Each structure stands twice: as C-alpha cells, then as structure tokens.
Amino acid sequence: MSDRFRVRRGRAIVAAALALVVVAGLAAAGTATARTTKSCGTVTLNEQAWAGSTANTYVAKAVLQKIGCKVNITKITEIPVYQAMADGKTDAVLEDWQHVAQYKQYITKQHTVVMGGPNGVTGHIGWYIPTYLMQQYPQFKTWQGLKGKETVFKSPESGSQGMFLGGDPSYVQKDKQLIQALGLNFKFVSVGAEPAQVARWTQLYKQKKPVIFYWYTPQYLNLQYKLSEVQLPKRFKGCLDDFATGGGSVAKYKCAYDHIVLNKVFSSKFAKGGSPAFPILKRFSWTNKDQELVAKYIAGDHLNSDKAAQKWVAANQAKVNKWLGK
Amino acid sequence: MSAATDYAAPAATIPAAHPWWRGRVGLVVGVALAMLVGYLGWKSTLPWSNRLVWNSLTSYLDRFQTWLSDSRNTPHPNFVFAIFNGFATFLDNLVSWFTTFFEKLTWVGTVALGTLVVLRFGRWQQAVGVLAAFASFALMGLWEQSVQTFALIFAAVGLSLVVGMPLGVIAGRSDRFLRFLTPLLDAAQIVPAFAYLMPVVILFSVGPGAAVLTTMIYAIPPAIRITALGIRGVPVNTVEAAAAMGSTRWQTVAKVQLPLARRMLLLAVNQTILFALSMVVIAGLIGGAGLGDVVTSGLYSNPALAILGGVAIVIMAIALDRSTESMANRTDPARRHLTDDKKLRLRLFTLASVAGVGLAVGLGHAFGAGGIYSGRTAQDWLLRSVQKGLDYVQNPSTWIFHITEPTGNFIVQRGLEPLTNFFVETPWPVMFVGIVAIAFLVSGLRPAAITAIMFATIGVTGEWATSMGTLSQVLIATLITIGVGVALGVWAAESRIVDRILRPINDVLQTLPQLVYIIPFIYLMPVSQVPGIVASVLYAVPVVIRLVASGLREVSPDTVEAAGAFGATRRQVLLKVKIPLARDAIMLGVNQGIIMVLAVVVIAGLVGSGGLGYEVAQGLQRNAFGLGVVASVAILALGIALDRTTRGRARARRERAL
C-alpha cells in the first residue's frame with residue numbers, strides 16, 4: 001500500500017516539476033530568430049579538424065551571412081568530403097592540403113569538383129624541435145647535425161634509438177621514408193591523432209626535455225610554444241618530386257617537404273548553380289597571419305568560433321570588401 | 001534430441017578427474033619455451049619473406065575504389081547505384097524527419113514528450129532522470145547536437161532491432177544458421193569502421209544516412225547474438241511441452257520462446273543502444289552531425305568542449321538505458337496483474353499525458369519557444385572548469401605525474417617492449433608453428449587449422465610484422481580485460497551493492513568516446529602504447545562484466561537452493577554449481593572481450609599503439625584504401641584466430657552433445 005502511495009506521489013512531483021520547467025522555460029526563451037534568406041539560399045561549407053580550417057570556415061560564414069546567405073557547416077574528414085562535394089552535399093572546402101589523387105579523380109576525370117585556386121595561406125610541414133633545445137645544440141639547424149646525436153631523443157619506447165614523433169595519421173607525411181633515406185638512427189613512433197601528439201610533445205616541452213617531431217605551420221600553437229625547424233635537404237640523390245613523378249607510389253617520396261599552396265575546392269553543382277556566394281568564396285583569400293590570429297582566438301583563447309570570426313571581420317573591413325567585390 | 005539426454009548434458013560438464021589443463025598446460029609451456037629458444041637463438045634472422053607477399057593486392061583494392069567512385073559519379077549511374085542512392089535518401093529522410101519532428105514540437109514539447117512517455121510506461125524515478133538529462137543538455141549548451149544525435153540513434157537502433165531480432169530468433173532455433181552467421185557477425189564487429197567508411201561514403205554518400213548505416217553494421221551483431229542466446233536459454237522441456245500440446249512453430253516462437261527469453265531480449269535492446277552510441281563519434285566523421293562532431297572537432301581545438309560532448313553522450317546513454325529498462329519491466333505481463341480499476345486509471349493517465357504534451361507544444365508555439373533550446377546555458381562556466389582540470393593533469397610537476405610516468409615507462413620497458421620484440425623478431429616459421437601448436441593443444445584440430453589459415457593470410461597480405469606487434473598488445477589487453485572482467489562480473493552477480501556501483505561505471509566506459517577519456521592518460525603516462533592498452537581494457541571490460549554477471553544470475557534458483565540444501569558453502573555453490581552452469585555465458589563474455597579489444601585497435605592506433613590500427617586510420621584519411629583494407633583483414637584474421645582458440649573446446653563439447 002505504502003509502495004503504491006509513494007509511486008503516485010512521485011508521479012505528482014514529476015508532473016509538477018515538468019509544469020514548472022515548461023513555464024520557466026517559456027519565460028526564459030522567447031527568442032524566436034526569424035532568418036531572412038534572400039536569393040542566396042543555403043551554402044554548405046566544410047570545416048576540418050584543425051583550427052586553421054575552423055578559422056577559414058567561420059570567417060567565410062560571417063561574410064556570407066552579410067549578404068543574406070544561410071550557412072550550414074558540415075564536418076566531414078578530408079577524403080570522404082570529396083564524395084560529399086561530388087553529390088552536392090557540401091559546396092566548398094576552403095583549405096585543401098593538395099590531395100593530388102583526389103584532384104586527378106574528382107576534378108580532372110569526373111568533373112564533379114572544381115578547383116577554386118589558392119586561399120592565400122601557405123602550408124609548411126617539417127621536423128621541429130623546441131627552441132631551447134636548438135640553443136643547446138646549435139648543430140640541429142640542419143639534418144646533418146642530427147647524425148650521431150639521435151640518442152639525445154631517446155624515450156622509453158624507442159629502445160637504443162632516438163624517438164621521432166610522427167604526425168596525425170590523416171596528415172600528409174613521409175617521415176619514415178625520410179629517416180630511411182637520410183640514414184638517421186631514429187625510431188618512428190606514432191602517437192596517433194593530433195591531440196595525442198600535441199599532448200606528448202607539450203608534456204616533454206614543459207619538462208624542457210629533448211623532442212623532435214612532425215609539425216606544421218600555420219598552427220595556432222606556434223604562438224604559444226617556441227619551436228624551431230630542422231632544415232631537411234631540399235633535394236638529394238634519388239629524390240623524386242611528390243606529385244609530379246612520384247604520385248601514387250609512396251615509396252618514391254624522398255624529397256623534403258615542400259611549401260604547400262593551400263587550395264579551395266568547390267562542388268561543381270555549386271560552382272555552376274549561380275549562387276551569389278560562389279564569386280565571393282572564389283575571391284576569398286587571406287594570409288597565414290590572419291588565419292593564425294583567428295585560430296588563436298578560437299583554440300587558444302576559447303572564443304566562440306562565430307564571435308572570433310566576427311571580431312576579425314570587424315577589424316579587417318578592407319579585405320572583406322574586396323571579397324564582396326565592393 | 002530427447003529430454004532425457006538433454007537432462008544428462010549438465011552432468012557431463014562436471015569437471016572430469018583429470019581436468020584438461022593438467023596434461024596440456026605442461027605442453028603449452030613447452031611449446032612457449034621452444035619458441036623462446038627460437039627467439040633467443042635466431043633473433044630477427046628470418047622475417048616474413050617478401051616473396052610470400054601478395055604485393056599487388058593493395059593496388060587492386062585501390063583500383064576497385066577508383067572504379068566504384070568513377071561509375072557512381074557519372075551523370076547517369078546504373079541502377080545498382082540508384083538503389084543504394086534511394087536507400088541512403090530514405091535513411092537521410094528518416095533521420096531528418098525525426099529531427100524536424102522534435103524541432104516542430106519546440107524544445108518545451110520535446111521535454112514534455114520524453115518525460116511523459118517514460119512517466120506513463122516506466123517508473124517515476126526514470127522520468128526524473130530523463131528530465132535531468134534534458135536539463136543537462138540545455139545547461140551544456142548542446143541541445144541541438146543532442147537532438148540530432150538522438151534522431152540518429154533512434155533510427156539506427158530501430159532498424160538494427162528490426163533486422164537483428166528476427167535473425168537472432170532464427171539463429172536461436174537453428175544451429176546451422178548460427179554457424180553460418182557467426183563469422184559474419186565477427187567480421188562486422190571486428191573489421192574497423194574506418195576500413196569500410198570510404199566505400200560506404202561512395203555508395204551512400206555522406207550525411208545521416210551513411211552514419212546510420214555505419215552504426216547499424218556495428219550495432220546489429222549484439223542484437224542477433226544476445227537474442228539467439230536468449231532463445232537458446234529457454235528450457236528445452238518447455239518448448240517440447242508446447243510442441244506436445246500441438247503448438248505450431250509460429251506459436252512456439254511467439255507464445256513460448258520469445259516471452260520466456262524476455263530478459264535476454266531486453267538485454268539485446270539495451271546493448272544495441274549502447275553499441276550504437278559508441279559509434280556516434282565515427283558517424284560524425286562522415287556527416288552524422290550531432291555530438292560526434294562536437295567530440296572530434298573539439299579534440300583538436302577545444303578539448304574541454306570534447307569532454308562536454310562525451311559527457312552528453314554518456315548522459316544520453318544512461319537515460320536511454322534506464323528508461324527502456326524500466327518501461328520494459330513495468331509493462332512485463334508476468335508482473336502486471338491489471339484489475340479493471342487499474343486499467344481505467346492507466347487509460348486516464350495516458351489521456352492526461354497526451355493532453356500534457358499537446359499543451360506543452362501549444363504553449364511552446366504560443367510563447368515562441370524555438371525548436372532548439374536557446375536560453376541561458378552554463379557552457380562557458382563548465383568549459384572553464386573542465387579546462388582547469390585538464391591544465392592540472394597536463395602539468396608535469398604534480399605528484400600524480402611522478403607516480404604515473406614511471407609506471408607507464410615500466411610497463412613499456414619491462415612488459416610491452418620485450419613481448420613485442422619476442423613476437424616480431426622470432427623467425428616466422430617458429431612463431432607460426434608455435435601458435436598453431438598452442439591452438440591445437442588448447443582447442444583441438446579444427447581451431448588449429450583455422451588459426452593456421454588466419455596466420456597464413458596475415459603473412460600473405462604483407463602484414464606479418466605489424467600484426468605481431470599488434471598481437472602482443474592485444475594479448476596483454478585481453479589478459480587484463482578477462483582477468484578484471486570475470487572477477488568483477490562474478491562479484492557483481494554475488495553482491496547487489498557491487499552491481500549497483502559497477503553499473504553506471506560500465507555505462508560510462510562503454511559509451512564515453514575513448515578518445516575523450518584517453519587524452520588525460522596521454523598526459524599522465526606519456527609513452528605511446530600504454531594509453532592504447534588502457535583504452536582497450538576500459539572499453540572491453542564492461543561487456544565481460546555484464547555477460548558474466550547476467551549469466552550467473554540466470555542460473556536457476558532451484559539448483560542453487562538444492563546445492564545449499566546438500567550443505568554446499570557459498571564458495572562451493574559458486575565454484576561447483578553456478579560457474580559451471582553459466583559457462584556458456586562466461587565463455588561468450590571472454591569471447592566478446594577479445595572482439596571488443598580488437599574493435600578498439602584502431603582507436604588505440606589513434607592514441608599511440610601504432611601497428612594495424614594506425615594503418616587502418618591512414619587508409620581512410622590518406623586515401624590509402626587498399627592499405628586500410630589489408631590492415632583490417634589482418635585485424636579480422638587475428639580476431640578469428642584468437643576467438644577460435646579460446647572458444648574451441650566449448651564448441652567441440654557442444655557439438656559432441658548434439
């Protein structure tokens with residue numbers, strides 16, 4: 001009997017609580033945002049995992065919203081996003097790190113994706129060490145200085161060799177081939193995805209220990225940690241260029257990392273659809289510094305992505321007007 | 001089979017005078033020692049020869065993907081693609097229909113609907129839980145993402161059960177069908193989603209549809225397996241009695257087997273939900289939207305946000321789990337004894353609930369509440385607090401770090417590295433013969449033959465060295481998992497308190513995306529493989545605990561009472577009665593433990609285990625489809641070999657009994 005009573009009383013409490021929530025919620029809400037969409041309609045941009053990509057996407061979003069576009073953001077990884085563009089489910093990727101095989105397949109062969117030209121940012125991948133280590137061992141400026149000194153980078157999992165900390169498996173890389181081609185006594189240790197890699201090297205950085213790792217610019221963490229690059233040989237005997245001759249066969253990639261011009265790519269359907277957003281995105285172009293700043297707002301200062309983008313847009317009207325064709 | 005032989009079957013399972021391991025343990029140790037001699041004497045002299053590798057396999061696979069993409073993306077793809085396209089569109093529409101439905105209800109209406117449904121069919125405590133879950137999504141500022149994820153899960157779980165349960169019933173009634181299905185289920189659970197994500201994307205494009213499909217591939221196997229186990233758990237004499245009364249086959253299934261297997265069917269629903277939620281993050285990679293996105297993109301630029309996203313997934317999992325369970329219990333016809341008076345009251349309550357939802361929706365629209373909760377949130381404050389915690393963990397001068405770092409180093413230097421070296425550097429013929437011999441000694445001829453085929457496959461695909469590295473990690477993770485899992489499972493079955501404590505922990509571990517909780521471990525134990533092993537163990541242990549505990553609880557109370565009446569102590573009852581009778585469930589637990597460890601190999605690769613997992617991840621993301629598939633095949637082969645080795649004897653015994 002008492003059990004049943006308890007159940008019923010419980011229900012009453014829940015019902016009362018619910019009613020309270022409904023009323024309180026209604027009082028608190030009441031911000032129905034009516035979106036004004038003009039002829040532009042909806043534009044779908046793809047944001048990728050790294051902070052630089054978030055910066056591009058949200059700045060473009062802020063600009064497109066100015067002319068009344070509704071902007072959707074998808075978050076699909078680098079390779080599958082090509083199929084998304086082929087299907088017209090994603091309209092634009094604003095930062096593509098030269099996916100040559102995809103260019104061949106989707107742009108040249110299938111014509112389902114079109115090249116949008118550079119976004120103004122130059123990417124660079126390389127081998128980096130903390131600056132305090134560079135001061136301690138000035139010979140690490142170039143790769144020759146590493147020879148014979150590999151054991152400086154010893155770690156528990158590298159045995160008697162030095163540890164080379166590899167990059168995110170999804171990023172462009174050829175460190176194993178480089179280590180082999182240069183005859184360095186490094187063990188390639190993959191710590192996995194970028195957050196894991198960052199966790200590892202920042203931990204060593206904080207302890208002022210030696211570490212050498214795969215890293216790149218533009219990257220917002222470069223504003224936070226002092227890093228120096230180890231010069232790799234540009235070309236050497238047996239070196240083949242990545243995407244000219246060596247394309248396809250990873251075994252032939254032996255050159256140093258290039259400076260990569262980052263491209264915008266668009267869905268063909270979007271490019272031919274006559275959206276007023278297309279010419280704006282086509283003109284979209286900024287510098288490494290711009291991007292790093294916005295990325296730092298977002299990832300370093302933990303500012304909301306939309307607010308970070310609006311902050312930059314407000315401070316850089318001239319650039320934005322150029323994109324808008326004014 | 002007659003009832004008499006069936007009755008005799010449990011008697012045969014009582015340990016013989018000479019337990020199998022007494023003779024074999026010695027032999028297995030002998031084989032291991034011989035392998036050790038091989039390792040010490042001929043260290044890295046004989047790696048798998050390149051001549052024994054099918055080198056062109058990866059490029060064939062790559063060409064297959066290119067062909068698939070080219071023929072799909074022409075202006076007029078053929079009808080096969082049109083079918084896939086139609087199916088994807090159907091799934092897309094289904095998910096977006098659910099999402100818009102919730103948005104149309106306004107957030108107030110959604111809260112009212114969720115709470116009142118649980119209140120009407122479940123217990124009021126769970127309704128409070130649902131209300132709290134909604135409140136937490138609103139507080140965390142993740143309302144929209146949570147609704148998207150819920151719509152996705154709702155569609156995926158519904159379809160998984162629609163497909164899985166009938167197959168499970170058939171598999172429960174037919175041994176042949178079960179035998180046919182088992183390798184497929186193993187494959188679906190072990191082959192990492194990363195490997196088939198790209199073909200799925202080419203066939204079904206990106207978006208919620210593809211995400212639902214990927215989730216289903218992973219969530220259907222537990223639905224089938226547990227349903228089948230439930231049907232098989234129905235006492236044979238009951239089924240025979242039904243047949244003797246003249247039931248048709250359909251009547252036997254619907255009126256006897258399904259109702260009696262109710263508990264296991266509910267476990268199936270429950271596990272399907274949890275499995276589906278554990279795919280949310282991967283679904284986020286191909287446009288699944290929702291909380292998965294929050295986790296993946298948060299990890300790169302705002303780890304605190306990723307943690308909030310992970311917490312939201314866990315809250316959703318626990319709320320769904322508890323409320324489905326309470327609804328199932330309260331609607332259990334065996335416990336309900338409805339009087340007319342009660343029926344009337346329930347009907348009134350239903351009417352009141354419908355009216356309540358209607359009222360809430362009406363009010364929501366009248367006051368202009370959005371489809372998404374847009375009021376004040378505590379997100380900023382939560383993010384700051386979480387970030388503080390992360391900063392503390394990241395600080396290498398705290399006392400925790402001074403304990404965890406040496407521990408991690410010790411595990412790697414004294415445990416993992418030597419073991420990996422042993423596996424990788426032993427001449428391959430020695431390793432091959434040794435493993436097959438152990439499989440033969442432990443499980444018999446058939447499993448040994450399968451093991452041999454699997455390891456040969458690994459060699460031919462050119463993954464020998466990588467696989468041996470992964471194998472050593474999987475072995476360590478599996479041993480820890482089974483040790484911890486069986487012990488805790490037995491304890492949970494024996495003690496209600498332990499069960500109460502373990503349940504929420506298990507839910508959290510199974511549904512919190514591994515990448516979220518593993519990041520702190522990377523800071524604390526900065527050596528690459530350890531976080532990967534921690535991830536595998538934490539993910540696999542809950543399933544082992546659950547299956548072991550539920551198997552022990554299913555043991556008939558009469559038998560336990562009888563044993564007690566004969567003067568058996570609690571310990572004797574446990575060791576001589578309960579565990580032998582629950583052996584099937586325990587073995588299923590062990591078996592699933594291995595499969596779960598392998599399912600996390602890719603995630604482990606993403607947090608530093610390297611090996612096969614890293615290659616699979618690269619396969620998707622660096623457009624090395626062939627490499628990814630080959631590495632997945634190696635993972636699958638490892639899984640089947642380990643699975644058959646551990647399951648061989650139980651199965652052989654069952655087959656003899658048939």
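Reply: Some terms come before the case: angles under 35 degrees count as roughly parallel, over 145 as roughly antiparallel, 65 to 115 as roughly perpendicular and the rest as oblique. This is a predicted model, in which local features need pLDDT of at least 70, side-chain atom pairs count only at pLDDT 80 or more, and totals for chains, interfaces and linings use all residues. Residues are numbered from 1 along each chain as its sequence is written, chains are lettered from A and ligands numbered from 1 in the order in which they are written, and side-chain values use heavy atoms, with hydrogens and water left out.

Me: At what angle do helix 11 and helix 12 of chain A pack?

Reply: Two packed helices are described by the angle between their axes and the distance between the axes. Helices here are DSSP runs (H or I, at least four residues), numbered from the N terminus. Axes are lines fitted to C-alpha atoms, for helices over the stretch in contact, and angles run from 0 to 180 degrees between N-to-C directions. Helix 11 (residues 305-315) and helix 12 (residues 317-324) of chain A pack at about 95°, their axes 5 Å apart. Helix 11 and helix 12 of chain A are therefore roughly perpendicular to each other.

Me: Which residues of helix 11 of chain A meet helix 12 of chain A?

Reply: Contact means heavy atoms within 4.5 Å. Trp312(A), Val313(A), Ala314(A) and Ala315(A) meet Gln317(A), Lys319(A), Val320(A) and Trp323(A) of helix 12.

Me: How many salt bridges does the rule find across the interface of chain A and chain B?

Reply: A salt bridge needs a side-chain nitrogen of Lys or Arg within 4 Å of a carboxyl oxygen of Asp or Glu. The rule finds five between chain A and chain B. One salt bridge joins Lys187(A) to Glu417(B), with the closest N and O atoms 3.9 Å apart. The contact takes 65 residues from chain A and 75 from chain B.

Key:
Helix = DSSP H or I, 4+ residues; strand = E, 2+ residues; numbered from the N terminus.
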